[in-house]
Amino acid sequence: MTALLLKSGRVIDPACNRDGTFDLLVRDGRVSAIGRDIPVSKEAEVVDASRLWISPGLIDVHVHLRDPGFPEKETISTGLRAAAAGGITTVAAMANTSPVNDRPKIARYMIERARDVHGTALVPVSAVSKELAGAEIVDFDAMAEAGARLFSDDGIAVDDPNLLRRALERTSRLGFAISLHEEDRSLSCNGAVNAGAVARRLSVSGYSGEAESERIRRDLSIALNANAPVHIAHVSTAESVALIRAARSEGAQVTCEVTPHHFALDDSAALTWGPNAKMNPPLRSRRDVEAIHASIADGTIDMIASDHAPHEPRSKHMAEFAGLFGPELAPPHLSPDDAANFARVANGIVGLETSLGLALALVHRGLISAARLVSMMSASPARLLKLARGRLAVGDTADITVINPDLEWTVEPDKFLSRSRNTPFSGTRLKGRALLTIVAGEIVFDGRKSLAR
Ligand SMILES: [Zn+2]
């Protein structure tokens, strides 16, 4: 198939200031025409896109694909298929693999494996420090040469301010940002859930909001002095967004992302979901969630990223907690042994296949427009990664997500294409999902048969 005609869809393309009903013709991997009543040619596959949205392909700047190193959690192959099913056409794959992506060989391995999948595109995220050990910086030029377009020790904070300063000198010369996992570990104290009533109720250790915001305060000042771009990963607290807003008004080149779980859930979800609601940073208080909503609405938060973090049941200690947590159960009183175990549960949840559905709730509730959603999930991430993506002008590479915004569905982890099932959204009703995911003109996910219209 060399041509695809999307008929009468709502093309939402904020980068080109377009939001209206159009036909869009894809030919030889590129957008070849946008207009009203584009004639149907013999060779083109025609898709009736009425009542559907035609968005530039979604880009997720924060994804853990666990490859190389952890095939029991995910592989590049399973992860990219999950991404395609979630409507995502490009993922930035984090560096905390085994071996760590701190040398060109690993970045090239990731790109080659992704090429074999013929699906969602992969951009490798290079580590900032070798082995993520925070002691020695990587060869930034060599990593960029190998294909890295973002740098991050995500999962571990960069503790040494001098190392961060030196890293920012190098990355800003290359024109790329460092994505910062912001955590002062002397304040987070390996806390299991947000410090407060939920931590007390479960008798588990608390992780304070200051652990995040104090480190953001430090790093924004370093970035401002270095005049270098930084990206703050997974912001979760009211103070964090206030600091980012203030630094931006002083001229800091700062962008930030929020995860769907940090705007959709508060820390009380840990009472229901236990290990599947444990992540770093943790789910926060209602007050924090409300501040996050306000910052999504006012534009302080630039983008949505899943922080897709697959784990197999063993890393989540699911057997030990069987029968203790669940939507039908009262929150348990954990024994001291259970509480110690809870602190050891691996952090993170899968997100590639629920991200769009959770984000669409922001539109359905009237918090943001559809165009702003597309900015947050496509145009802004493309800018961060310096990719010629995130828009649909004639001649652009045809990375497109066709979305049915009204399709109601239930999250069923057993149906995930990801290898892992760790989610606190099991059974959640969502409205809207990707119907077609198109990468460079090829349909890499087709939900037309499996998903009723
Ligand atoms: Zn992180």
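Predicted model: local features only at pLDDT ≥ 70, side-chain atom pairs only at ≥ 80, totals over all residues.
Modeller: Contact here means heavy atoms within 4.5 Å.

Biologist: Which residues is S378 in contact with, leaving aside its neighbours within four places in sequence?

Modeller: S378 is in contact with P56, G57, L58, I59 and G390. S378 itself is found in helix α14, residues 370-385.

Biologist: Is S378 buried or exposed?

Modeller: The term buried applies under 20% relative accessible area. S378 has 0% relative accessibility, so it counts as buried.

Biologist: How many residues of helix α13 are buried?

Modeller: In α13, residues 355-364, eight of the ten residues are buried, and the helix is mostly covered. Among them are S355, L356, G357 and L358. Just after α13, G366 takes a positive phi of about 85 degrees.

Biologist: And which residues are buried in helix α12?

Modeller: Within α12, residues 336-344, the buried residues are D338, A339, N341, F342 and A343. Their cover includes β11 (193-194).

Biologist: Now the strands. Why is β1 largely enclosed?

Modeller: Strand β1 covers residues 3-13, and nine of its eleven residues are buried, so the rest of the structure largely encloses it.

Biologist: Which strands does β1 pair with, and in which sense?

Modeller: Two strands pair if at least two bridges are found between them. With β4 (residues 44-48), β1 pairs in the parallel sense over five bridges; L4 has E45 as its bridge partner there. Strand β5 (residues 53-56) also runs parallel to β1, joined by two bridges, and R10 is partnered by W53. With β2 (residues 18-27) the pairing is antiparallel, through nine bridges, and D13 stands opposite R18.

Biologist: What lies between β1 and β2?

Modeller: The two strands form a hairpin with four residues between them, and N17 in the turn has a positive phi of about 60 degrees.

Biologist: Which residues coordinate the zinc ion?

Modeller: The donors are D154 (OD), H181 (ND1) and H234 (NE2), at 2.0 to 2.3 Å. Along the sequence they are spaced D-x26-H-x52-H. D154 sits in the loop between β9 (150-151) and α4 (161-174), and H234 in the loop between β13 (230-232) and α8 (238-249), so the pair ties together parts that are 80 residues apart in sequence.

Biologist: Are D154 and H234 buried or exposed?

Modeller: Both D154 and H234 are buried.

Technical notes:
Residues numbered from 1 in each chain as written. Heavy atoms only, no water. Donors = N, O, S within 2.8 Å, 3.2 Å for Na, K, Ca; no water. Buried < 20%, exposed > 50% of the residue type's maximum accessible area, 1.4 Å probe, protein only.
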